[in-house]
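Biologist: I would like to get to know this protein before I plan my reading. Could you walk me through it, one question at a time?

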Amino acid sequence: MTEVVDDAEKARYEILVDGQVAGFAEYRRRPGKIVFTHTVIRDEFEGKGLGGKLVSAALDQAREAGLKVVPICPFVAGYIGRHPEYLDLVDDAYRETVKSAD
């Protein structure tokens, strides 16, 4: 079973596989914004699409909370570039960090 949880104490979203932390996306909260700084998927979980599941769940939660996204993390920026349905979440000042998959 795979689930994504917000560990606010550690300031990161974690993706759990059968209860084990397989990876995380670190963030910093700012008024009205969430700044994604770093994403990690542990080596033994690479290649299973978990990074995308993690980031999409984190972005969905940002949308639900009404937060703008600042994608400092290259993985998050790249994911948004490949999934333009999330582009509207990106803070205008950081749109240039998102590369379109065109």
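Modeller: Gladly, and one term comes first: contact means heavy atoms within 4.5 Å. This is a predicted model, in which local features need pLDDT of at least 70 and side-chain atom pairs count only at pLDDT 80 or more, while totals for chains, interfaces and linings use all residues. Residues are numbered from 1 along each chain as its sequence is written, and side-chain values use heavy atoms, with hydrogens and water left out.

Biologist: Which residues does Ser56 touch, leaving out those up to four places away in sequence?

Modeller: Ser56 lies in helix α1; helices (H or I, at least four residues) and strands (E, at least two) are DSSP runs, numbered from the N terminus. Ser56 counts as buried because its relative accessibility is 16%, where buried means under 20% relative accessible area, exposed over 50%, and partly exposed in between (1.4 Å probe, protein chains only). Beyond those sequence neighbours, Ser56 touches Tyr79 and Tyr86.

Biologist: In what order do the elements of the protein run from the N terminus?

Modeller: The secondary structure comes to two helices and five strands. Read from the N terminus on, the elements run β-β-β-β-α-β-α.

Biologist: Which strands stand at the edges of the sheet?

Modeller: Strands pair if DSSP finds at least two bridges between them. The five strands form an open sheet in the order β1-β2-β3-β4-β5, with mixed pairing. One side of each edge strand is left without a neighbour in the sheet, because each has a single partner strand; these two are β1 (2–7) and β5.

Biologist: What does the twist average from one strand to the next?

Modeller: Directions here are axes, lines fitted to C-alpha atoms (for helices over the stretch in contact), and angles run from 0 to 180 degrees between N-to-C directions. From one strand to the next, the twist averages 25°.

Biologist: What angle does α2 make with β5?

Modeller: Let us take the two helices in turn. α1 lies across β1, β2, β3, β4 and β5, and runs at about 135° to β2. α2 packs on the sheet too, touching β4 and β5, and its direction makes with that of β5 an angle of about 120°.

Biologist: Which elements do the buried residues of α2 pack against?

Modeller: In helix α2 (residues 74–82), the buried residues are Val76, Ala77, Tyr79, Ile80 and Gly81. Tyr79 is also touched by Ser56. The elements that the buried residues of α2 pack against are β4, α1 (50–65) and β5 (68–71).

Biologist: Which residue in the hairpin of β2 and β3 takes a positive phi?

Modeller: Strand β2 (residues 12–17) pairs with strand β3 (residues 20–30) in the antiparallel sense over six bridges, and Val17 has Gln20 as its bridge partner in β3. Most residues other than glycine have a negative phi. With two residues between the strands, this hairpin has a positive phi near 50° in a residue that is not a glycine, and that residue is Asp18.

Biologist: Is Asp18 buried or exposed?

Modeller: Asp18 sits in the loop between β2 and β3. Because its relative accessibility is 62%, Asp18 counts as exposed.

Biologist: Which residue takes a positive phi in the hairpin of β3 and β4?

Modeller: β3 and strand β4 (residues 33–41) pair in the antiparallel sense over eight bridges. Gly23 stands opposite Ile41 in β4, and Gly23 is also the bridge partner of Ile15. With two residues between the strands and a phi near 75°, the residue in this hairpin is Gly32.

Biologist: What is the relative accessible area of Ala11?

Modeller: Ala11 is placed in the loop between β1 and β2. Its phi is near 55°, a positive value in a residue other than glycine. Ala11 counts as partly exposed because its relative accessible area is 25%.

Biologist: With which residues is Met1 in contact, leaving aside its neighbours within four places in sequence?

Modeller: Met1 is found in the segment before β1 and counts as exposed, with 70% relative accessibility. Those neighbours aside, Met1 is in contact with Leu16, Val17 and Asp18.

Biologist: What is the radius of gyration of the protein?

Modeller: The radius of gyration is taken over C-alpha atoms, and the globule rule is 2.2 Å times the number of residues to the power 0.38. With 102 residues, a compact globule would come near 13 Å, and the protein agrees, with a value of 13 Å.
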